[in-house]
Amino acid sequence: MKDSTRAGTGRGRPAPRPFVLWREVLAAYAAPALTAGAAGVATGQRDLAVAALTSIAGTSAVVALVVGAWLRHGGRPRRWTTVLPKAAVTAVLVLAATAAAALLGWFAAQWPPAHTLLPAVVRPERLRIDLPLSAALATTVVSLRWRSTVAAQRP
């Protein structure tokens, strides 16, 4: 058995897995796809089951990719992301990502139906909720995971 104190945690806890962006993106897609998809199937909401695999999981994966890549900044974290408390960094990033996703969701629900020939079965108003919620959850998980690996690497 590996001694966790030698891994740098010092509290008897095992060291966190290293932050590998592609794994974080995969988890960000799979988690909401499976949970929201299962909820959609279990409750008979076909639109939720479809959204789980498209807008919900897709948004989560894209946000995880963007936020994770931005946090890593080429392998060198930005100073404020490591100096401020974990909760403050997470809150700032969640607010920024959620606001951007809410604007995109509002635009996607308003503009395409009025200016394109979308079929009547497409319901883009769901994007007003799916995008910001998915962005908030993915940003929270990725920023907390990233910060826990950065904290474990510090001497």
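This is a predicted model: local features need pLDDT of at least 70, side-chain atom pairs count only at pLDDT 80 or more; totals for chains, interfaces and linings use all residues.

Biologist: Is aspartate 130 buried or exposed?

Modeller: The cut-off for buried is under 20% relative accessible area. Aspartate 130 has a relative accessible area of 6%, so it is buried. Arginine 126, at 25% relative accessibility, counts as partly exposed.

Biologist: Which side chain meets that of arginine 126 in a salt bridge at 3.5 Å, N to O?

Modeller: That of aspartate 47. Because arginine 126 lies in the loop between H4 and H5 and aspartate 47 in helix H2 (residues 46–72), the pair ties together parts 79 residues apart in sequence. Aspartate 47 is partly exposed, with a relative accessible area of 29%.

Biologist: How many salt bridges does the structure hold?

Modeller: It holds 3. One of them pairs arginine 145 with glutamate 24, whose closest N and O atoms are 3.0 Å apart. Arginine 145 belongs to helix H5 (residues 127–153) and glutamate 24 to helix H1 (residues 21–43), so this pair ties together parts that are 121 residues apart in sequence. Both arginine 145 and glutamate 24 are buried.

Biologist: What is the mean pLDDT of the protein?

Modeller: The mean is 83, and 79% of the residues reach 70 or more. Over residues 1–7, however, pLDDT stays under 50.

Notes. Residues are numbered from 1 along each chain as its sequence is written. Side-chain values use heavy atoms; hydrogens and water are left out. pLDDT is the predictor's confidence in each residue, from 0 to 100. Contact means heavy atoms within 4.5 Å. A salt bridge is a side-chain nitrogen of Lys or Arg within 4 Å of a carboxyl oxygen of Asp or Glu. Helices (H or I, at least four residues) and strands (E, at least two) are DSSP runs, numbered from the N terminus. Buried means under 20% relative accessible area, exposed over 50%, partly exposed in between (1.4 Å probe, protein chains only).
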